[in-house]
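Subject: Structure for you to look at

Hello,

Below is the structure I said I would pass on. Please open it beside this email and follow the notes after it.

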Amino acid sequence: MASTVRGNRWIRNLNSKIAALPMVITTMVVFVGGTIWTVVYSFTNSKLLPREEFVGFAQYERLWSNSRWLQSIENLAVYGIFALIFTIVVGFVLAVLMDQKIRYEDAFRTIMLYPFALSFIVTGLVWQWILNPEFGLQSIVRSMGWDNFVFDPLYNPDIVMYGLLIAGLWQGTGFIMCIMLAGLRGIDEDIWKATRVDGIPTWKTYIVVIIPMMRPVFITVLVLVTAGIIKLYDLVVAQTSGGPGLASQVPAMYVYDYLFTAQNLGQGLAASTMMLVSVLVVLIPWAYLEFGGKKHG
Amino acid sequence: MTKSIEVSNSIEVRDLTLNFGATSVLKNMNLNVAEGEFIVLLGPSGCGKSTLLNCLAGLLDITDGQIWIKGQNVTWAEPSDRGIGMVFQSYALYPQMTVRGNMSFGLKNAKVPAAEIVKRVARAAEILQIEPLLDRKPAALSGGQRQRVAIGRALVRDVDVFLFDEPLSNLDAKLRSELRVEIKRLHNRLKNTMVYVTHDQIEALTLADRIAVMRGGIIQQLAAPQEIYNRPSNLFVAGFIGSPSMNFFHGATTEGGMVFESGGNKLSLDGYDGGAVGAREEAILGLRPEHLEIVDAAIPGKTLPATVEIDEPMGADSLVWLRVGDVPVSVRVPVEDRPEHGREVHLKVEISKASVFDSGSEQRI
Amino acid sequence: MGDATAAMSGPSGAKPRRRLSGRNIMVYGILIVMCMYYILPLWVMVMTSLKGMPEIRLGNIFAPPVEITFQPWVKAWSEACTGLNCDGLSRGFWNSVQILIPSVFLSIAVASVNGYALVNWRFKGSDLFFTILIFGSFIPYQVMLYPIVILLREMGLYGGLWGLVLVHTVFGMPILTLLFRNYFSSIPEELFKAARVDGAGFWGIYFRIMMPMSLPIFVVAMILQVTGIWNDFLFGVVFTKPDVYPMTVQLNNIVNSVQGVKEYNVNMAATMLTGLVPLVIYFISGKLFVRGIAAGAVKG
């Protein structure tokens with residue numbers, strides 16, 4: 001029963017440190033290192049290969065004067081605003097309806113959630129087909145008598161983002177509904193009993209009592225949906241390939257093209273840095289609210 | 001590392017200090033536990049009693065000091081190499097293993113031969129009367145049975161030191177008193193050294209050879225249960241031990257320390273067992289509820305005037321709450337002697353059982 | 001007489017309930033309409049994939065096929081062209097399987113050990129790494145794409161299956177580590193202490209105590225990873241070469257290829273085929289799937 005010597009700080013917990021090595025490498029090399037690399041090289045005029053030729057903010061000036069980038073930002077803003085509003089409203093309303101002690105709840109949930117199991121590629125391709133003006137929705141409505149009915153979002157630059165929105169909402173709202181429903185179920189039954197005794201109508205209880213109590217759930221949803229919107233890429237590739245023209249270009253697509261096909265690394269890296277900044281704008285206030293407040297409060 | 005020669009001490013804690021970051025959890029602690037002794041670590045939550053036990057077990061790395069078990073310096077040793085067995089509050093049985101599997105897991109890790117494992121498990125199961133349960137999973141056991149298995153797991157290790165971390169806290173009152181007796185019986189039979197953490201003073205008073213009352217990472221008093229009960233070394237120990245708590249009177253000692261004066265009442269300290277008290281401007285007199293007696297007439301220097309407020313009958317006894325001036329006082333009386341509410345009475349003080357504390361240091365005089 | 005008894009007795013027994021109250025009609029009405037929106041694409045996909053092209057040109061995409069044909073499925077599986085290869089989606093399917101199995105295994109192994117170390121064997125800085133890991137999961141992938149290309153090229157893994165496996169392991173790590181960390185921290189710490197007193201070490205406790213106790217969470221992690229990796233497009237297209245493209249990438253290339261006549265029935269069959277794996281997982285796993293994605297929701 002000789003006592004093992006383990007005075008050395010490094011040898012202590014050695015197995016744990018070895019086991020955590022992949023995590024350490026991932027965080028330090030890929031997440032931190034990769035991000036720093038990208039930010040640094042966004043200030044160079046790298047073309048096909050990375051070069052340490054620093055040009056200050058030249059890439060950013062070029063980026064913000066590029067009409068394709070500006071169009072991408074505008075598209076994403078339109079998509080983002082509507083996606084946020086609709087996802088949260090539809091998700092919440094569906095969750096409230098599901099919470100009315102309905103029959104066949106499992107069946108309803110299964111139906112609403114299955115699109116979330118599918119990829120954005122599959123989603124985009126299906127909706128591309130449904131929104132096909134020659135055979136899809138438009139032609140069916142016309143065949144029912146409305147000869148002048150027009151709904152061709154994938155061919156009309158003005159409304160193409162709404163075509164994507166329909167598909168995006170189809171894929172994601174069921175998931176948000178599930179989170180909201182979990183939030184609703186997490187609320188103490190006694191709150192409901194108290195409002196019944198007080199004679200507060202159900203709809204009013206939701207607005208005055210339940211929604212404020214679900215604030216953390218709403219914030220989580222907000223962060224999740226926003227992070228998803230900024231990453232929007234696969235769906236556009238599958239459904240519209242960014243067209244017609246540049247009408248459905250998004251920032252992620254711009255980054256990909258400049259990094260891997262246009263051979264203009266510096267420009268692609270500057271664009272991806274802007275994406276990072278936009279995420280930080282959302283993330284930092286949220287992290288502050290979630291974690292910063294708790295430590296003091 | 002020098003080998004210790006004195007084997008009479010089963011556990012020796014020398015100048016043990018434990019810091020978590022900037023907060024100091026255990027402060028320069030010394031504790032010697034004799035061979036075969038039953039020590040209870042008692043204190044309110046957060047006093048460091050479980051932390052100390054975890055340090056003894058090697059589950060926490062200490063900041064400074066040494067821990068010796070059976071003459072070996074185990075300060076840096078792995079928990080399994082310390083010659084200890086441990087029983088936890090939540091039983092901590094491995095849910096996927098049978099009772100037998102739970103009890104033999106440690107032995108298998110220690111590469112004990114299979115035949116020996118069978119023998120030891122059988123013996124422990126016999127001692128604890130859990131033979132019929134050996135092939136069940138923990139989920140199929142009641143709380144009391146689970147705790148027996150947890151004790152069995154410590155038993156099969158054939159070690160001299162048992163560590164109990166609030167083992168009865170998760171059980172209901174009836175089972176708790178049953179298992180308490182059983183642990184005492186086990187100790188009588190095995191004569192192991194046992195270190196037992198609890199916040200329940202009944203467990204402490206009934207089980208312990210010596211109790212270590214802890215607060216703020218410091219042992220306040222380490223003594224036999226009767227000693228702790230009758231002569232608490234400071235105000236904290238006095239207030240913590242005993243239910244209902246000791247009655248305290250704030251006042252002064254006058255006439256050269258022969259009289260305790262509080263709110264115009266005088267009590268003679270003649271017969272106080274702490275020796276000469278001396279004159280103090282501020283002192284605290286502590287009296288347990290059973291050391292006060294309700295009488296009709298005042299006896300100068302031996303009684304305090306009081307008014308009866310309410311009483312709480314508890315079967316054989318009744319706890320009577322009175323007021324002496326502004327101070328609420330409880331007195332234990334036989335249930336048939338309960339006085340009427342609102343009556344003016346006198347409380348006769350048994351000064352030989354009292355404790356006097358210095359107001360500043362809070363130490364017993 | 002009738003009035004009198006009514007007045008005497010008043011309401012008694014169970015309160016009558018109206019099945020078809022206005023409220024119920026509204027609740028079920030909205031839910032059913034929404035369900036039609038969710039079901040419609042699946043319906044259209046299946047129906048289109050079972051029709052011949054002439055029927056598609058004439059008819060209505062919502063109508064069931066007059067004449068059922070499985071030809072589009074056969075063609076999508078074994079004949080559809082991407083670029084010069086005309087061996088169908090089967091190639092992508094097998095590529096995806098080859099990527100999926102090691103990725104799922106490796107990512108879960110790494111993440112579960114991480115979670116275990118973070119809960120039971122904390123060391124200085126371990127929580128810091130975890131925090132970076134979680135925040136890292138919010139960084140847009142686009143930011144890290146090129147640095148990873150360089151890293152993989154240096155390691156000689158760029159363009160192949162194993163490079164992609166590594167990428168999936170890295171990007172699956174935040175959510176899976178969180179999942180395992182949360183699960184392991186719900187296991188009483190005393191159990192871990194008991195095992196240490198019993199002489200089990202880092203790996204002994206992991207394999208013999210923690211793992212057997214956590215099978216449900218391993219299943220949840222598997223569901224999460226299988227669907228996530230199967231559905232990935234971006235990493236597949238960036239980190240692999242055309243002959244090792246995963247199914248999802250190949251599907252997009254088949255359907256969105258500009259050459260040739262569009263065969264919508266084959267396209268929908270191909271889409272269905274690609275969606276089948278996650279759909280099967282989804283329908284089999286039921287509540288566990290919900291649990292998995294809900295775990296993904298409580299990041300941070």
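I begin with the two domains of chain C, where eight residues of domain 1 of chain C are in contact with seven residues of domain 2 of chain C. Please keep in mind throughout that this is a predicted model.

Chain C

The domain assignment places domain 1 of chain C at residues 13-69 and domain 2 of chain C at residues 90-297. Taken over C-alpha atoms, the centres of these two domains are 34 Å apart. On the side of domain 1 of chain C that touches domain 2 of chain C, helix 2 and helix 3 (53-58) of chain C each supply at least two residues. Helix 2 of chain C gives the most to that side, with four residues. By type, the residues on that side of domain 1 of chain C are four nonpolar, three polar and one charged.

Chain C also touches chain A, in a contact that takes 70 residues from chain C and 73 residues from chain A. Which helix of chain C provides the largest share of the side that touches chain A? Helix 2 (residues 22-49) of chain C does, with 12 residues. The side of chain C that touches chain A has 52 nonpolar residues, 18 polar residues and no charged residues.

Chain A

In chain A, look for helix 9 (residues 189-197), which is hardly covered: of its nine residues, the count of buried ones is zero. Helix 9 of chain A is followed by A:G199, which has a positive phi near 75°.

Helix 10 (residues 202-213) of chain A contains A:W203. Is A:W203 buried or exposed? A:W203 is exposed, because 9 other C-beta atoms lie within 10 Å, and a residue with 12 or fewer counts as exposed. The C-alpha atoms of A:W203 and A:V96 are separated by 9.9 Å, although these residues are 107 residues apart along the chain.

Chain B: domains

Chain B is assigned domain 1 (9-239) and domain 2 (245-358). The distance between the centres of domain 1 of chain B and domain 2 of chain B is 39 Å, taken over C-alpha atoms. Their contact takes seven residues from domain 1 of chain B and seven residues from domain 2 of chain B. Helix 8 (residues 235-240) of chain B, with three residues, gives the most to the side of domain 1 of chain B that touches domain 2 of chain B. That side of domain 1 of chain B divides into three nonpolar residues, three polar residues and one charged residue.

Chain B: sheets

One open sheet of chain B has six strands, in the order 6-7-8-3-9-10, with mixed pairing. Its edge strands are strand 6 (84-87) and strand 10 (218-223) of chain B, each of which pairs on one side only. From one strand to the next, the twist averages 15°. Within this sheet, strand 3 (residues 38-42) and strand 8 (residues 193-198) of chain B run parallel and are joined by five bridges. One bridge to look up is that of B:I39, whose partner in strand 8 of chain B is B:V195.

Another open sheet of chain B has five strands, in the order 15-19-16-17-18, and its pairing is antiparallel. The edge strands here are strand 15 (292-295) and strand 18 (327-334) of chain B, and each pairs on one side only. Neighbouring strands of this sheet are turned by 45° against each other on average, direction ignored. How many bridges join strand 16 (residues 303-314) of chain B to strand 17 (residues 317-324) of chain B? Seven bridges join them, and the two strands run antiparallel. In strand 17 of chain B, B:R323 is the bridge partner of B:T307.

The nonpolar core

The largest nonpolar core has 270 residues, and those with the most contacts inside it are B:L41, B:L163, B:V195 and C:A270. Helix 8 (residues 161-185) of chain C gives the largest share of this core, 14 residues. Leaving out residues up to four places away in sequence, B:L41 touches B:K49, B:L52, B:L53, B:V195, B:V197, B:A212 and B:M214.

Regards

Methods
Residues are numbered from 1 along each chain as its sequence is written. Chains are lettered from A and ligands numbered from 1 in the order in which they are written. This is a predicted model: local features need pLDDT of at least 70, side-chain atom pairs count only at pLDDT 80 or more; totals for chains, interfaces and linings use all residues. Ala, Val, Leu, Ile, Met, Phe, Trp, Tyr, Cys and Pro count as nonpolar, Asp, Glu, Lys and Arg as charged, and the others, Gly among them, as polar. Domain bounds come from an automatic or database domain assignment. A nonpolar core is a set of buried Ala, Val, Leu, Ile, Met, Phe, Trp, Tyr and Cys residues joined through C-beta atoms within 7 Å. A residue is buried if 20 or more other C-beta atoms lie within 10 Å of its own, exposed if 12 or fewer, and partly exposed in between; C-beta atoms are placed from the backbone. Two strands pair if DSSP finds at least two bridges between them. Axes are lines fitted to C-alpha atoms, for helices over the stretch in contact, and angles run from 0 to 180 degrees between N-to-C directions.
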